[in-house]
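Good morning, and thank you for making time for this presentation. I shall begin by placing the structure on the screen, and then take its parts in turn.

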Amino acid sequence: MSDTVLADSFKAEPYWWEAVPRGTAARQAIPAEADVVIVGSGYAGLSAAIPLARAGRGVVVIEAYSAGHGASTRSVGMIGGRLRQSYAALAKDFGAEKAHALLSETWEAYGWFRRFVSDEDIDCDLTLSGRLICAWTARDMEMLKRQTAFLTTTFGIPAHTIDKDRLPAHVVSGLYHGAMMLPEDGGLDPAKYHLGLLRLARTHGVQVIEQTPVTGLTESGRTISVMTAAGDIRARDVILATNAYTGRELPWYRRRVIAVGSHMIATEPLAAGIVEGLLPGGQLVNDTRKLAFAFRASPDRRRLLVGGRALQVDRVDPVAIARRLRQVMVQSFPSLAETRVSHAWEGRVGFTFDRIPHIGRRGNIHHVLGCNGSGIVMGSYLGRRTAELLLAGQSTSQFAQQELPSRPYYNGAPWFMAPMTMALSLQDRARSWFG
């Protein structure tokens, strides 16, 4: 008897790895020295490596697994020009002027990102399909109307609202009370984008050493020793681009990044026209739940992909992820009740305590950390800005102007995420009942 949830060909790995399989490179020899060593081969690390190599620096990127093994090839693949934090929340923490500057730079980063992909001819299925932020409650719809007006008048970000009765022209689900449309948002294949960065870096002479965990850093004068499982390498400068995968070997930084598990599934291939029938407008879909979920078509429009925090704990059985996210999918799209899951996987999102990304330096150790769920655009952009900081010794980026905070009760293990996830889930349930 076949499984009603899992496809016969089910894989506990990202769907994106079908088109871009993981590398199987053997561990390379570590060179004795380099101008710059970058720890982490994701978007941020490679986006820093490329301009440094173009400036004539000898760059070595060190990766504990295969290149891009972490979040860079595991995300839902949505792109846009906003931070997770609202203007009101940022203004409360940083003041109105700083909040405006942070959000303005984020919108500018999105413009840079689109030009970069085009200028470098990176083939990653990038499509500016638009994004719907769907209202979980009627009260959320009123909030989205206010947010739409604010984005358009204050930042010039194109946005408009869609009332509940017109929403089926874009997403065929009875769950939502309307939506905010962001027509310039889009999607891409995150693994193909990462592969494009990797090829570009190698073309410019960047040495990417895979399957080599870093075990520690020692700074002495103008030299940093990077200790790895395959030997040590000396460098004048180091960039840490490990984000949610920052380990115990980097304790100061690990105490400043909250690694949160994020889960995804892909359906088995669907009959022609099924995905278009569910998402007739072709947009990507997020919603306003406290534990928000995301829905999108695969680039070939034959599968539905679903993402979100499926369970209270991290590092869970992919089959449990598949079962939970399939429930979420069927709740939104009941016609998929007989559809099975072909892929299920987990990635980690790096949050900071002030909920904004950070670049900076301590001595000659630079960092780009805490993309807070905006890693495709902001990881790429801030990787480039970190390279500028290293080359010029200073940065005008708003994301380089504040300390990277921690908390006395936090040692790098996010023990509070399980109760927080449960609380947010209960809030979502109560809000659906009472509006």
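This is a predicted model: local features need pLDDT of at least 70, side-chain atom pairs count only at pLDDT 80 or more; totals for chains, interfaces and linings use all residues.

**Strands, a pocket and selected residues**

S225 stands opposite R234 in strand β12. Residues are numbered from 1 along each chain as its sequence is written, and side-chain values use heavy atoms, with hydrogens and water left out.

Helices (H or I, at least four residues) and strands (E, at least two) are DSSP runs, numbered from the N terminus. Two strands are said to pair if DSSP finds at least two bridges between them.

Let us return to β12. How do β11 and β12 pair, and over how many bridges? They pair in the antiparallel sense, over 5 bridges, and they form a hairpin with 2 residues between them. β12 also runs parallel to strand β2 (residues 33–39), to which 6 bridges join it. Within that pairing, V37 stands opposite V238, and V36 stands opposite D237. A further parallel partner of β12 is strand β19 (residues 365–369), joined to β12 by 3 bridges.

Now consider β2 itself. β2 pairs with β3 in the parallel sense, over 4 bridges. V36, which faces D237 in β12, has V59 as its bridge partner in β3. Why is β2 described as largely enclosed by the rest of the structure? The reason is that 5 of the 7 residues of β2 are buried. Here buried means under 20% relative accessible area, exposed means over 50%, and partly exposed lies in between, with a 1.4 Å probe and protein chains only.

I turn next to a residue that touches this region. Y253 lies in helix α6 (residues 251–254) and counts as buried, at 4% relative accessibility. Contact means heavy atoms within 4.5 Å. Leaving aside residues up to four places away in sequence, Y253 touches L240, T246, R362, I365, H367 and L369. By contrast, L188 is 65 residues from Y253 in sequence and 30 Å from it in space, C-alpha to C-alpha.

Another buried residue is S66, at 5% relative accessibility. S66 is found in the loop between β3 (59–62) and β4 (78–79). Not counting residues up to four places away in sequence, S66 touches R22, G23, S41, E210 and Q211. Q211 in turn has a positive phi of about 55° although it is not a glycine. The place of Q211 is the loop between β9 (207–209) and β10 (214–220), and at 28% relative accessibility it counts as partly exposed.

D125 also has a positive phi, of about 60°, and is not a glycine. D125 sits in the loop between α3 (96–119) and β5 (131–134), and is partly exposed, with a relative accessible area of 29%.

How many disulfides does the structure hold? There are 0, where a disulfide is a pair of cysteine sulfur atoms within 2.5 Å. The sulfur of C124 is 17 Å from the closest cysteine sulfur, in C371, which is too far for a bond. C124 is buried, with a relative accessible area of 1%, and C134 counts as buried at 0%.

Finally, the second largest pocket. A pocket is found on a 1 Å grid over the protein atoms alone: it is an open set of points where a 1.4 Å probe fits, with protein on both sides within 12 Å along at least five of seven lines, and lining residues have an atom within 4 Å of a point. Grid points are joined across faces, edges and corners, and a volume is the space filled by probe spheres set on the points.

This pocket has a volume of about 380 Å³. Of the 20 residues that line it, the closest to its centre are L291, F293, R324, S425 and R429. The elements giving two or more residues to the lining are α8 (318–332) and α10 (417–434), and α10 gives the most, with 8 residues. A418, in helix α10, is partly exposed, with a relative accessible area of 24%.
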